[in-house]
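I wanted to look at helix packing, the nonpolar core and salt bridges. These are my notes.

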Amino acid sequence: MAAAVAPPLCTWLVAACLSAACGDGEKENERRHRGGGVGGFFGSRRRLGSGRRGVGRSGMAMSVALHPERTAVENKKPDMKQRRVVVTGMGVVTPLGHDPDEFYNNLLRGISGISEIEAFDCSHYPTRIAGEIKSFSTDGWVAPKLAKRMDKFMQYLITAGKKALENAGITEEVMNELEKSRCGVLIGSAMGGMKVFSDAIEALRVSYKKMNPFCVPFATTNMGSAILAMDLGWMGPNYSISTACATSNFCILNAANHIRKGEADVMLCGGSDAPIIPIGLGGFVACRALSQRNSDPAKASRPWDVDRDGFVMGEGSGVLVLEELEHAKQRGAEIYAEFLGGSFTCDAYHMTEPHPEGKGVILCIENALADSGVTKEDINYINAHATSTQMGDLKEFEALNRCFGQNPQLRVNSTKSMTGHLLGAAGGIEAVAAIQAIRTGWVHPNLNLDNPEKTVDAGGPAEGEM
């Protein structure tokens with residue numbers, strides 16, 4: 001689902017030039033961690049290593065080792081007195097687990113989270129599969145009274161947000177020391193509270209008195225961020241952005257900009273969606289966007305494969321804790337990566353089809369690289385948007401080729417081959433996957449690339465060691 005924004009906003013790039021840890025007394029041109037994304041560029045202490053350019057393909061699951069590199073690349077970014085932004089926490093709710101390490105380990109093992117839908121009877125639909133979350137509890141994360149009334153996208157959002165804080169080491173004691181007016185929440189959703197709104201319409205058929213009195217606020221996309229902020233007492237920037245599958249990336253870049261400009265010290269950011277309900281499935285079936293490979297769900301999401309027949313819906317949430325560097329260092333936080341920059345563009349072409357020449361994608365990547373001070377030669381890993389659609393996959397790959405040319409160290413993969421497409425949450429969980437690649441030095445396999453398109457270089461890994 002592309003809407004009116006360019007697909008690269010859901011693409012994450014990781015740069016190869018990674019410097020030493022953030023510490024006092026470093027030289028300025030060695031202080032910047034490299035790594036990144038269109039929507040956000042990240043770096044850490046490792047360099048992601050070299051290898052043949054191409055999509056990691058699999059009939060069998062493979063993971064690629066990314067080797068450390070000690071040499072820092074000279075900083076190309078103009079000297080700007082701008083606050084530095086780092087990632088100190090990650091939280092996820094996904095079909096592959098609700099912990100960042102569990103989630104990424106399952107990706108490395110090539111486990112698919114796509115299966116038959118169990119939440120409702122969809123036997124009369126041509127598509128009966130999704131990246132559905134089978135087991136989830138709000139216990140300990142969301143107040144029971146609220147959990148009963150709110151939409152699942154909000155349940156996922158609040159749970160992932162609080163898990164990100166826990167992962168960041170923001171305990172109750174640390175929370176009490178935070179300046180709440182400088183802490184914000186910016187977590188978006190592409191679809192919002194579809195189930196709450198759909199239930200309200202059904203209740204209205206009987207009487208307005210049967211409607212959930214919270215159906216309007218709990219259906220709006222910003223209310224998840226608002227309730228989480230109220231729960232935490234955070235009074236800084238608080239809103240949401242809804243830009244289809246680029247939602248999380250817009251939220252992350254905007255959150256980082258609040259910190260860079262001195263408007264906040266800590267931001268929770270990302271996306272959440274829970275579209276696997278009758279109206280959600282029916283809507284995407286109606287526009288003929290979904291795979292119908294019901295007999296073999298794990299093989300249904302096939303980015304760049306000749307036999308792909310549409311994307312697979314997914315659900316969940318991905319949230320990051322972004323923090324100003326000195327603020328993070330003062331509280332002794334573990335720094336997972338550094339945000340270096342990003343960009344916003346639009347194809348200005350079609351609601352769902354990418355521009356034939358990839359103009360929006362290319363412009364966004366070039367602007368993001370320039371903003372980050374990272375060259376195209378520095379990039380060695382791209383977590384692509386690739387959803388398993390006919391046009392989108394190819395046009396994105398062609399645009400990446402035009403941007404990065406014959407970069408022998410470049411690796412490209414799609415997390416959606418195992419999770420399906422989480423719509424507004426896609427960029428959030430894929431940001432976590434990119435950061436985990438930086439932390440571990442391993443890139444997860446790309447499943448179901450059995451018969452690559454002719455224009456797709458599927459050299460991929462030669463071995464599957466982990």
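The entries below follow that order.

I worked from a predicted model, where local features need pLDDT of at least 70, side-chain atom pairs count only at pLDDT 80 or more, and totals for chains, interfaces and linings use all residues. Residues are numbered from 1 along each chain as its sequence is written, and side-chain values use heavy atoms, with hydrogens and water left out.

**Helix packing.** I looked up H7 (residues 247-260) and H13 (residues 426-440); their axes come within 6 Å and cross at roughly 65°. The two helices are therefore roughly perpendicular (65 to 115 degrees). In H7, Ser 248, Asn 249 and Ile 252 meet Ala 426, Gly 427, Gly 428 and Ala 431 of H13.

**Core.** I then checked the largest nonpolar core, which has 40 residues (buried Ala, Val, Leu, Ile, Met, Phe, Trp, Tyr and Cys joined through side-chain atoms within 4.5 Å). Val 87, Phe 103, Leu 320 and Leu 322 have the most contacts inside this core. H7 gives the most to it, seven residues.

**Salt bridges.** I counted 21 salt bridges (a side-chain nitrogen of Lys or Arg within 4 Å of a carboxyl oxygen of Asp or Glu). Arg 331 pairs with Glu 323 at 2.8 Å, N to O. Glu 323 is buried at 0% relative accessible area, while Arg 331 is partly exposed at 22% (buried is under 20%, exposed over 50%, partly exposed in between, with a 1.4 Å probe and protein chains only). Glu 334 bridges to Arg 439, with the closest N and O atoms 3.7 Å apart. That pair links distant parts of the chain, 105 residues apart.

Methods. Axes are lines fitted to C-alpha atoms, for helices over the stretch in contact, and angles run from 0 to 180 degrees between N-to-C directions. Helices (H or I, at least four residues) and strands (E, at least two) are DSSP runs, numbered from the N terminus. Angles under 35 degrees count as roughly parallel, over 145 as roughly antiparallel, 65 to 115 as roughly perpendicular and the rest as oblique. Contact means heavy atoms within 4.5 Å.
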